[in-house]
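Colleague: I'm new to reading structures, and I'd rather understand one piece well than skim the lot. Could you pick a single part, look at it closely, and then follow what it connects to?

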Amino acid sequence: MIELHGWLSIRTTYENEDIFPSNELESRRQRVEEIIRNNACGIRLEYINGEPFISSMFCSNHHTQEVDEIIETYKMISKHAIGSYGMIYLWDDEDKQYYNDFQVYVFKRGTCSFRLDKDLSPCVSEIEDKII
């Protein structure tokens with residue numbers, strides 16, 4: 001089973017926007033809108049309190065291309081809007097390496113880092129009992 005939960009607050013930069021030419025910031029905004037418009041995984045841009053935001057929840061019996069597309073879309077957005085920040089939590093019980101762990105993708109300052117969650121992993125013993 002696949003369980004994916006993600007969110008990303010979209011910001012063009014983590015620096016003071018006043019130091020950038022307005023055309024550069026607008027170019028970054030347009031690129032983010034283009035990435036979202038062209039994604040095939042159903043991600044939609046929302047505005048909360050006037051700020052752009054995306055969120056994703058995806059569950060499936062097996063790993064599908066949509067999982068990879070969601071992660072890649074978040075990566076592309078954070079690369080172009082470097083002030084963006086957020087996370088994706090992924091549990092894939094068919095993953096040979098991480099089947100018993102929540103995988104965490106952390107987006108900040110234009111990068112994506114990967115780690116395993118320490119609170120919900122290992123899934124068996126923390127959130128499930130071992131099946132005998």
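This is a predicted model: local features need pLDDT of at least 70, side-chain atom pairs count only at pLDDT 80 or more; totals for chains, interfaces and linings use all residues.

Modeller: Two strands count as paired when DSSP finds at least two bridges between them.

How many bridges join β4 to strand β5? There are 7, and the two strands run antiparallel. Strand β5 covers residues 102-108. To see one of these pairings up close, find leucine 90: its bridge partner in β5 is glutamine 103.

Strand β4 also pairs with strand β1, which spans residues 2-9. That pairing is antiparallel too, with 8 bridges. Here you can look for leucine 8, which sits opposite glycine 86 of β4.

By "buried" I mean a relative accessible area under 20%. While you're looking at strands, here's a handy rule: in a regular strand, side chains alternate between the two faces of the sheet.

In the loop between β1 and helix α1 you'll find threonine 12. With a relative accessible area of 6%, threonine 12 is buried. What does threonine 12 touch, leaving out residues up to four places away in sequence? Its contacts include Leu25, Arg28 and Arg29, and also His80, Ala81, Ile82 and Gly83.

Helix α1 (residues 22-38) packs against helix α2 (residues 65-80) at an angle of about 175 degrees, and their axes are 9 Å apart. An angle over 145 degrees counts as roughly antiparallel, and α1 and α2 are therefore roughly antiparallel to each other. On the α1 side, the contact uses Arg28, Arg31, Val32, Ile35 and Ile36, while α2 brings Thr73, Met76, Ile77 and His80. Sorted by class, that gives 5 nonpolar, 2 polar and 2 charged residues.

Side chains of opposite charge can pair when their charged atoms come close. Searching the whole structure turns up 3 salt bridges. One of them links arginine 28 to glutamate 24, with the closest N and O atoms 2.8 Å apart. Both residues belong to α1 and are 4 residues apart, about one turn of the helix. Arginine 28 is buried at 15% relative accessible area, whereas glutamate 24 is partly exposed at 31%.

Another salt bridge connects arginine 31 with glutamate 34, where the closest N and O atoms are 3.3 Å apart. These two are 3 residues apart in α1, which means about one helical turn separates them. Arginine 31 is partly exposed, with a relative accessible area of 28%, and glutamate 34 is partly exposed as well, at 33%.

Arginine 29 is partly exposed at 33% relative accessibility, and glutamate 26 is partly exposed at 36%.

Definitions and conventions. Residues are numbered from 1 along each chain as its sequence is written. Side-chain values use heavy atoms; hydrogens and water are left out. Axes are lines fitted to C-alpha atoms, for helices over the stretch in contact, and angles run from 0 to 180 degrees between N-to-C directions. Angles under 35 degrees count as roughly parallel, over 145 as roughly antiparallel, 65 to 115 as roughly perpendicular and the rest as oblique. Contact means heavy atoms within 4.5 Å. Ala, Val, Leu, Ile, Met, Phe, Trp, Tyr, Cys and Pro count as nonpolar, Asp, Glu, Lys and Arg as charged, and the others, Gly among them, as polar. Buried means under 20% relative accessible area, exposed over 50%, partly exposed in between (1.4 Å probe, protein chains only). A salt bridge is a side-chain nitrogen of Lys or Arg within 4 Å of a carboxyl oxygen of Asp or Glu.
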